Amino acid sequence: MEAKKREPLLRVVKHAELSRTQSFLLRLLAVVVALVVGGIFIASIGYNPLEVYKTMVVGCFRSVMAFQATIKFCIPMCIAALGVTLAFKMKFWNIGGEGQLIMGAVFASYFALFCDGMPHVPLIIIMFLAGFVGGGIWGLIPALCREKWGTNETLFTLMLNYIALYIVTYLRDGPWRDPQAAGFNKIARFSANSQLDKVAGIHFGWIIMIVLVVFVFIYLSKTKQGYEISVVGESRDTARYAGINVRRVVIRTMFLSGGIAGIAGMIQACGADATLSTGVANGVGFTGIIIAWLAQLNPIATLVVAFAFSILEKGSSVIQSSFGLSTACADVLQGIILFFIMAIEFFVRYKIVFAGHKEKKLSQAKPEKKEAAGK
Amino acid sequence: MISLDFILKFIVAAVAAGTPLLFGTVGEILSEKVGHLNLGVEGMMSIGALTGFMAGYGSHNLAVSMIAAFAGGMVSALIYAVLTIGFMANQNVIGLTLTIFGVGFANFVGVYMVGKTSSNTWQLSADLISQMKSIHIPLLSDIPVIGKLIFSYDPFTYTGIIIALICGWYLFKTKAGLNTQAIGENPAAADAASIQVTKWKFINIVLGGGICGIGGAYCSMIINGGVWISDCVGGLGWISVALVIFAAWRPQTAILGSFIFGALRVLKYYMPSVIPIAFFNMLPFIITAAVLLIASIRGTKGSHIPENLGFNYFREDR
């Protein structure tokens, strides 16, 4: 991209902060452009994109049952996203939401399978705590290693995802195998006593989701611990200088981050699936990262984005039945939307200056605002 | 009793199982050497799998499908490169999205193409399948042990080894390659030394994506015997990301590493069934986690991880 004579053809400079409306409009524009590009793709294989989009949206709201199914998609995605939000806020690249979710499900499933003689309410509370602790431990391991030895957390959490997944395979094929299952190995269905109760037709995971959204919002913006997280995320040196015990903040936050993902796993296993399977996470840990990022690590926005994503997920299963298109459509659209938003995000913070262009308003350029986590 | 024949069979199977990993690993090494952790290997491989398979379906020619797979991988890596280098977007997020997008895109188009065929299977022609068979060089392949050990693989394996050797030579023996490594260690210093950071980042990432794409074509074309199956890459891209660590960011080591990981993948078929299969599936990841941990415990001396891995470079931040 560089022109001859050492002067770059294009140069990137930071510009003054855009107003909230401006940046919102830019992001909206990105979504629209993404949908148009997705539409062109759909049209290129011979379908009417408007028809397909309409079917997707209508399919999510056409009946109470359809809407309930949409919410069921939303619950794990939103909670997993809330979990990674905490870690990302302190620039700890926790890619391990998937594994943390699985371990939460494993811990909770132990009680669901082997303690189902207990009274219902204490059992559910124990399962909830087990899910939290299970995910928390899986988040704690990489945090401890990074704080002690500087182990790269992105790669380490990534490995832990697969270790967790194969722990489920092991349990399914070995100690927890349902002896009555014909054909493929699987883990027995949980008894009604160890399943989450239904509220308004959906397992009450949705209430937990809303409570967690509020909790994370308050935790991050109103508590001392939340403030410590954002200081550590800004600069570890600043945090240390201000007397914050960085190591403790990272370890505590990762336990919480993993724990929240673990709750999502517990809800999936004991609410949606009523069993533990290798598909318990099914990529939700990864989608959660995308959601958290699109929501700019804001818990309320996370709920909105997760709901939008669940429309794509549910809508894709509707277009599968009505057009014969693959449910992978949701993944394609999610990808395109994120790509465009990330591209637009750049223009929210920077502008491109062409070579030879005189800068008049240089003095107006303010330094990057602190929430912009560009790196 | 373990016979020589049994061991030979195992090694041949291990090399075959390691081949897709070799491509993914070498591609990812190129990208990580310029400091860009591309978690989209799985997605780039899937897109390569799709374009390679499609070209093979249309042209009945193996070389054409390999080139198409390379191109497919390059285009998908270009998305990543533009967003992370040009628009300075978060590498982890873009990489993950590329994986979700790439796998989804390949599955989506795959399902569509399967629906287009009359038999409901999207299949390569017999002519192409014969080109993909393990080679047989008249005299050489017939030498007892050595013939089987060295001259009995499919064209992908040899391509992969050649690419790995070339990349090793490029990274460690050419000036451009060494410059490239400097970018991954410290882009600001490289920039100050008048290395064209942006240009070389683009070149490495995009070439790396292309190499990953060929690995994807192996998954779609060879593993399932020429029939398209959804999710054909099936996590091999993620193992490749792990293998980069195991291979200590060296393409030559990746050759050996991929065959070891290939051996781990096929070990379960050769082992007594007392040990649970899940354990074998888990092994690559446990070993990688251990390597990562040990390297970090030993400190910077023992670790080959590029210093600036995962961080974007903004010139005006210097």
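1. Helices here are DSSP runs (H or I, at least four residues), numbered from the N terminus. Axes are lines fitted to C-alpha atoms over the stretch in contact, and angles run from 0 to 180 degrees between N-to-C directions. The model is predicted: local features need pLDDT of at least 70, side-chain atom pairs count only at pLDDT 80 or more, and totals for chains, interfaces and linings use all residues. Residues are numbered from 1 along each chain as its sequence is written.

2. Start inside chain B. The axes of helix 2 (residues 41-59) and helix 3 (residues 62-86) of chain B come within 7 Å and cross at roughly 145°. Contact means heavy atoms within 4.5 Å. On helix 2 of chain B the contact residues include G48(B), G52(B) and G56(B). Helix 3 of chain B contributes, among others, A68(B), A69(B), G72(B) and G73(B). By class, this contact has seven nonpolar, nine polar and no charged residues. Ala, Val, Leu, Ile, Met, Phe, Trp, Tyr, Cys and Pro count as nonpolar, Asp, Glu, Lys and Arg as charged, and the others, Gly among them, as polar.

3. Now chain A. Helix 3 (residues 64-89) and helix 7 (residues 205-222) of chain A have axes that come within 9 Å and cross at roughly 20°. The two helices of chain A are therefore roughly parallel (angles under 35 degrees). Among the contact residues are I71(A) and L82(A) of helix 3 and W206(A) and Y219(A) of helix 7. The contact divides into 14 nonpolar, two polar and one charged.

4. Next, the chain interface. In it, 48 residues of chain B are in contact with 53 residues of chain A. The two chains bury about 4,900 Å² between them, 79% of it on carbon and sulfur atoms. Buried area is the accessible area (1.4 Å probe) lost on putting two parts together, summed over both. F87(B), I100(B) and F108(B) lose the most area in chain B, together 14% of what that side buries. Salt bridges between the chains (Lys or Arg side-chain nitrogen within 4 Å of an Asp or Glu carboxyl oxygen) number zero.

5. One helix pair spans the two chains. The axes of helix 13 (residues 329-349) of chain A and helix 4 (residues 91-116) of chain B come within 7 Å and cross at roughly 145°. I100(B) and F108(B) are among the contact residues.

How values were computed: Chains lettered and ligands numbered in written order. Heavy atoms only, no water. Parallel < 35°, antiparallel > 145°, perpendicular 65-115°, else oblique.
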